[in-house]
Amino acid sequence: MTKPFLLEIGLEEMPAHVVMPSIQQLEKRVRAFLTEQHLEFGALKTYATPRRLAILIEDLAEKQADIHEEAKGPAKKIALDAEGNWSKAAQGFVRGKGLTTDDITFKALKGVEYVYVEKSIIGQPVAEILPGLKDVLMAMTFPTRMHWADYDFEYIRPIHWVIALLDNQLIDFSLLNVTTGRTTQGHRFLGQPVTLDRATDYEAALEAQFVIADEVKRQAKIKMQIEAMATANQWQVDLDADLLEEVTNLVEWPTAFYGQFTPKYLEIPEEVLITSMKDNQRYFYARNQSGDLLPIFIGVRNGNEQHLDNVIAGNEKVLTARLEDADFFYQEDQKQSIADYVEQLANVSFHDKIGSMAEKMQRVGIIAQFLGQKFGLSTTELTDLQRASDIYKFDLVTGMVGEFPELQGVMGEKYALLEGETPAVATAIREHYMPISAEGALPTTKVGAVLAIADKFDSIADFFAVGMIPSGSNDPYALRRQAYGIVRILAAQDWHFPMATYQTELTTAIKDKQAGFKLDWLKNRQAIGEFLTDRVRQRFNGLQRKPRRDIIDAVLKNQKQDPITMFQAADVLDQHKADTDFKATIEAVTRVLRLAEKADFDQTDLTVDPALFENQAEKDLYVAVEALRGQVANNPLEANYAALQNLRPLIEAYFEATMVMADDLTVRNNRLKQLLIIARIAFSLGDLNELIVK
């Protein structure tokens, strides 16, 4: 026989962004609890509002499943002493199982007799197990916590009530001074407390008290109301998924409404209006059928339609005050020139251990020009890039960005256009922040893409130079996101970025221009390369069709530390992994790699002397390798892999006829030089030793 079970914890209003993660965490913890307690159950239905987290468990078993288990103990020779008495080892084993030595039997396992005991655990009634959910509730974690009254215990918000009903039976336990009961609370203003007779009464009883406990139904109601409003007025409304979820978790009984603002504010850039409405006030915005922004905002109140006119008027007043501020800043900001703002950046700290924003911009300008030339930008693009890097942070000291930090870059683009900068420069100012999230949109222009890479690379190098390297989950300056952004931009633009080489060259360039400002970029140079390589791995793992793990491990050890080469090498190896000769090719090459590691001489000159050859296999391999040698650096990686495929029979013949580690040191080193040349061809793809071939 099974029964439904309801668990609800009632709280003061939680922040909207915590509601969904909290109910997902609670569901996961409850599932784990039931499984650990050997309780069978059916579907779990979750409910979440700003004031409550609840789970309704269907078909919960009336008792734990009985457990019958056989446990193996020490060997018989250890369990019995010389006189045939039970040893301490045997006594301790059965004591740990809650049994006695009378329960011991012996069974042979692979010719050796061992102690065995059989233990039966009779399942307990579910009503005796469920009070353990108190520990589940108290173990929950939250991004922010608070304590209240005289309690040391912390939670997301103070706890006001707890319900635990097994069908119609109350399960008794307490959290702090709150004891489980049958009474839940209706809407804070519209509803009344309601006492539940049975667990399954929950959703309907709350709806009668103006609470839609099911977050899916609540969101659907909001969406339906707004869509009906949009249809009636011929509006286009962007139901942003994140905003819709946030609004859903701000209310228990949603009622959508719309208000208006004075059309004069439409003269402000629409990004400012949308930020004021969406990010600051949690309003949706509307456009006409032509796509033009309308002086309309759509909100959702936590209540019914009574006194809705007052609600609308109040919201209009609040939004108007914000838009009035925005209009003021917009007009005031235009009274100063870009040059005025750039001059002020000398007094704006990027970080107290690194220097000013003006110093950062100077470094970024050098990096941007270096990369722009490497990436093949045109003369016009390089000119725009130089101008953009000279001014790209100026909007940080404008009044608008001071009031609306979310508009960094956006207002820079707007003000740059107003002051006559080229569209390419203005766009780059906005795009240098991109991507603003791990999988966010990327820059669409080359100038913007280069500036974004330069700015992010400078930040990473700066913080590493002063020893502020992310560790564990600690990454206060979002350096991982910035490094991942670099990798994504490089991949999108198909730009090569050999990390080790570029780091050295950039350090020299900045030092030559006296723009280092006492930052030692070489201090953690290797760590920066590894940090960026880790982001390449992250990119591989995020691909819908990602290569095998061993292929990823191999290409990440590419000798140039170049992300694009890593991606290309992975494609090559992934395409050939099913070839009939893949295993033989890799085995031949990895044998070369292992022997090449034994070379302990200066490898700057890898000239092979044919006069030292002792067999035809050496000569054949030499001729084939020399024909390839000058082409490897410029060859597509597919061609380099094909070269290794073609060398495979020659390598096999070479090892059949040749003892590489000859006693004659001159002969040995000559042969190792030959293998090192082949190894360098292989390392254009990565460290093929990492590949698993069976």
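Biologist: Which residues have the most contacts inside the largest nonpolar core?

Modeller: Phe-457 and Leu-688 have the most contacts there, in a core of 135 residues. Helix H17 (residues 446-465) gives the largest share of this core, 13 residues. A second, separate core has 40 residues, among them Leu-11, Met-14, Leu-26 and Val-30.

Biologist: What makes a set of residues a nonpolar core?

Modeller: The members are buried Ala, Val, Leu, Ile, Met, Phe, Trp, Tyr and Cys residues, joined through side-chain atoms within 4.5 Å. In soluble globular proteins, nonpolar side chains tend to be buried together.

Biologist: What kind of model is this?

Modeller: The model is predicted: local features need pLDDT of at least 70, side-chain atom pairs count only at pLDDT 80 or more, and totals for chains, interfaces and linings use all residues. Residues are numbered from 1 along each chain as its sequence is written, and side-chain values use heavy atoms, with hydrogens and water left out.

Biologist: Which residues does Leu-688 contact, leaving aside neighbours within four places in sequence?

Modeller: Contact means heavy atoms within 4.5 Å. With those neighbours left aside, Leu-688 contacts Leu-573, Ile-586, Val-589, Thr-590, Leu-593, Leu-644 and Ala-682.

Biologist: Why is Asn-640 called buried?

Modeller: Buried means under 20% relative accessible area, exposed means over 50%, and partly exposed lies in between, with a 1.4 Å probe and protein chains only. Asn-640 has 1% relative accessibility, so Asn-640 counts as buried. Asn-640 is in helix H25 (residues 637-657). Helices here are DSSP runs of H or I with at least four residues, strands are runs of E with at least two, and both are numbered from the N terminus. Beyond neighbours within four places in sequence, Asn-640 contacts Val-632, Asn-635, Ile-681 and Ser-684.

Biologist: How do you know that Phe-655 is buried?

Modeller: Its relative accessible area is 9%, so Phe-655 is buried. Phe-655 also lies in H25. Leaving aside neighbours within four places in sequence, Phe-655 contacts Ala-588, Arg-591, Val-592, Leu-595, Val-660 and Leu-675.

Biologist: What makes Ala-16 buried?

Modeller: Ala-16 has a relative accessible area of 10%, so Ala-16 is buried. Ala-16 is in helix H1 (residues 16-36). Not counting residues up to four places away in sequence, Ala-16 touches Glu-246, Asn-249 and Leu-250.

Biologist: Is Gln-234 buried or exposed?

Modeller: Gln-234 has 59% relative accessibility, so Gln-234 counts as exposed. Gln-234 is in the loop between helix H7 (215-233) and strand E13 (236-237). Phi of Gln-234 is near 55°, a positive value in a residue other than glycine.

Biologist: Why is His-38 called partly exposed?

Modeller: The relative accessible area of His-38 is 41%, so His-38 is partly exposed. His-38 lies in the loop between H1 and strand E2 (44-49). Phi of His-38 is also positive, near 55°, in a residue other than glycine.

Biologist: Where is Pro-435?

Modeller: Pro-435 is in the loop between helix H16 (423-431) and H17. The peptide bond from Met-434 to Pro-435 is cis, with omega near -5°.

Biologist: Why are H12 and H19 called oblique to each other?

Modeller: Axes are lines fitted to C-alpha atoms, for helices over the stretch in contact, and angles run from 0 to 180 degrees between N-to-C directions. Under 35 degrees is roughly parallel, over 145 roughly antiparallel, 65 to 115 roughly perpendicular, and the rest oblique. The axes of H12 (residues 357-374) and H19 (residues 499-512) come within 10 Å and cross at roughly 130°. H12 and H19 are therefore oblique to each other. The contact includes Arg-363, Ile-366 and Phe-370 of H12 and Tyr-502, Leu-506 and Ile-510 of H19. The residues of this contact divide into eight nonpolar, no polar and three charged.

Biologist: What makes H18 and H20 roughly perpendicular?

Modeller: H18 (residues 479-493) and H20 (residues 525-542) pack at an angle of about 65°, with their axes 9 Å apart. H18 and H20 are therefore roughly perpendicular to each other. Among the contact residues are Leu-479, Ala-483 and Val-487 of H18 and Phe-531, Arg-535 and Arg-539 of H20.

Notes
Ala, Val, Leu, Ile, Met, Phe, Trp, Tyr, Cys and Pro count as nonpolar, Asp, Glu, Lys and Arg as charged, and the others, Gly among them, as polar.
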